[in-house]
Amino acid sequence: MVSQRIAEILRNGQPDESVTIKGWVRTKRELKEFAFMEVNDGSFMANLQVILNPDLPDYEDILQQLNTGASVEVTGTLVPSPGKGQRIELKASAVRVYGGADPQTYPLQKKRHSFEFLRTIGHLRSRTNTLGAVFRVRNACASAIHQFFQEQGFLWIHSPIITANDCEGAGELFTVTNLDLKDPPKTDTQEVDYSQDFFGRPAYLTVSGQLQAEVMAMAFRDVYTFGPTFRAENSNTSRHLAEFWMVEPEMAFCDLVGDMDLAEAFLKYLFKSVLASCPEDMEFFNKRIDNSVLATADNIINNQFERITYTDAIALLEKADRKFEYPVSWGLDLQSEHERYLAEELFKKPVIVTDYPVEIKAFYMRLSDDEKTVRAMDVLAPKIGEIIGGSQREERLEVLEQRIVSQGIPPEDLWWYLDLRRYGTVPHAGFGLGFERLVQFMTGMANIRDVIPFPRTPLSAEF
Ligand code: 4AD
Ligand code: MG
């Protein structure tokens, strides 16, 4: 039987319409003359209220099975709702229970649960209001990302998940192997002999699709990736995952200013788009999770981001009237507390920091004439810190070769990347947006584990 989504009914349903819905019971209330239940199918924040009259076939028997968590199909007629909080409700003429849920053991009884507890029931937590709203916003945001780039003629490219290169050079790689770990083949010098491994060489899960995006940008001008990336970073923070999704645009014939302009236009577009497609969910976050969510969205959409150099950022941090846990001095990387101070307290909006010291950034970033800094940019967001990292790329063969060697990377491993500078090289730039950090920023959710359906973090890969 054709059934309607509850979102569609709550938005547009009219009295006297006959409808069928399918979903999961959130609550049931039995009165003397009749009963109510609330049903949710994940399409909308609010539940559809269903009225169950005793003239329903098998009324008593059905009522007994309609416990929180049970799956149901309800057919009936829409009627105006006399109750507060909803415009319309469903008067049932037939109810079918697909599967019951034992009230003694079903963990999601009607009360507020902590996010820590919900993480222990990752297979059920999406049936709660908050996680439901998170994953609807996540979906809307993913869709808006494609829309933004497709409207501008960017090609969506699929970078590999398995790679032989460490793009960021941070050594946070997960190895991919099918060698027998109990007894791996050894070389003469007693090291693991990867020439006998599946790929005939060491291989890893990718930390970034950038190098491959650069290859494709040298054929299609403007491209983007949107896929999972992996980092064996042993940091148990509210902003790090071992598996996270990254969006990486890469543009040929583009410099750092063009890169920053794109990043800013991109974030503005995404906030606007999600506010338009998920207004109820965004209201919910503002009311129940973080009362600055709507103001933040408004701030992003309507204000220019601040743009400052790393050197200026260091000067501002040195002048700050507060003590930081980590030291501040030219040459050291910014820590999350520094990033948050700049965005959250000082400028009260996103800040784009540019021109970082060459020593603390990856080999592919373009060296400036001062030879001390590279054309890097990080977008820092209030509450989150770094949300985007990007740069203009080094397009000059000799300079790139020197950078690769000075970082201790064997140049022959990157022969194909260097070829891009041998044949038709152009100035080009790009960035990576951490998708989960963006969803966190939008929704005000405090922990990154609660904005991805199945978080992967140190010591945790359940579900
Ligand atoms: O700054 P990152 O390391 O930059 C790159 O990987 C570049 N290759 C991107 C590019 O220029 N194409 O990572 C980009 C973003 C960060 O700003 C952050 O938002 C996110 O990815 N990120 C993480 N998100 C969740 N968990 C982690 N462990 C993350 N590490 C980085
Ligand atoms: Mg970074």
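A charge is taken to sit over a ring if NZ of Lys or CZ of Arg is within 6 Å of the ring centre and within 35 degrees of the ring normal. By this criterion, K361 lies over the face of Y356, 4.2 Å from the ring centre. R421 is placed likewise over the face of Y417, at 4.1 Å from the ring centre. The model is predicted, with local features requiring pLDDT of at least 70 and side-chain atom pairs pLDDT 80 or more, whereas totals for chains, interfaces and linings use all residues. Residues are numbered from 1 along each chain as its sequence is written, chains are lettered from A and ligands numbered from 1 in the order in which they are written, and side-chain values use heavy atoms, with hydrogens and water left out.

Strands and helices were assigned as DSSP runs (E, at least two residues, for strands; H or I, at least four residues, for helices), numbered from the N terminus. Two strands are considered paired if DSSP finds at least two bridges between them. Under these definitions, 5 strands close into a barrel with mixed pairing, in the order β1-β2-β3-β5-β4. Neighbouring strands of this sheet are turned against each other by 55 degrees on average, direction ignored; axes for such angles are lines fitted to C-alpha atoms, for helices over the stretch in contact, and angles run from 0 to 180 degrees between N-to-C directions.

E30 has A35 of β2 as its bridge partner. Strand β3 (residues 48-52) pairs with strand β5 (residues 88-99) in the parallel sense over 2 bridges, and V50 is bridged to L90 in β5. Strand β4 (residues 71-80) is antiparallel to β5, with 10 bridges between them; here P80 has I88 of β5 as its bridge partner.

A further 8 strands form an open sheet, again with mixed pairing, in the order β6-β10-β11-β16-β15-β14-β13-β12. Its edge strands, β6 (155-156) and β12 (306-309), each pair on one side only. Strands β14 and β15 (residues 385-392) are joined in the antiparallel sense by 6 bridges, and M377 stands opposite G390 in β15. Helix α10 packs on the sheet, touching β13 (351-357), β14 and β15, and its direction makes about 65 degrees with that of β14. Contact here denotes heavy atoms within 4.5 Å. Helix α5 (residues 210-220) lies across β6, β10 (222-230), β11 (243-252) and β16 (428-434), and runs at about 30 degrees to β11.

V379 is located in strand β14 (residues 373-381). With a relative accessibility of 1%, V379 counts as buried, a class defined by a relative accessible area under 20%, with exposed meaning over 50% and partly exposed in between (1.4 Å probe, protein chains only). Although V379 and I352 are 27 residues apart in sequence, their C-alpha atoms are 4.4 Å apart in space. Beyond neighbours within four places in sequence, the contacts of V379 include A263, L267, F305, P350 and I387.

T163, in strand β7 (residues 162-163), is likewise buried, with a relative accessible area of 8%. Residues up to four places away in sequence aside, T163 touches A203, Y204, L205, T206 and Q212.

A pair of aromatic rings is described by the distance of the centres and the angle of the planes. Rings of Phe, Tyr and Trp (its six-membered ring) pair if their centres lie within 6.5 Å; planes under 30 degrees apart count as stacked, over 60 as edge-to-face and the rest as tilted. A search of the whole structure finds 20 such pairs. In one of them, F149 and F266 are tilted, at 4.9 Å centre to centre and 40 degrees between the planes. Because F149 lies in helix α4 (residues 129-151) and F266 in helix α6 (residues 256-277), this pair ties together parts that are 117 residues apart in sequence. F149 is buried, at 0% relative accessibility, and F266 is also buried, at 0%.

The rings of Y310 and W330 have centres 5.6 Å apart and planes at 80 degrees, and the pair is therefore edge-to-face. Y310 belongs to helix α9 (residues 310-319) and W330 to the loop between α9 and α10 (336-346), so that distant parts of the chain, 20 residues apart, are linked. Y310 is buried at 0% relative accessibility, whereas W330, at 37%, is partly exposed. Ring pairs also link F148, F149, F154, W156, Y224, F266, Y269 and F431 into a cluster.
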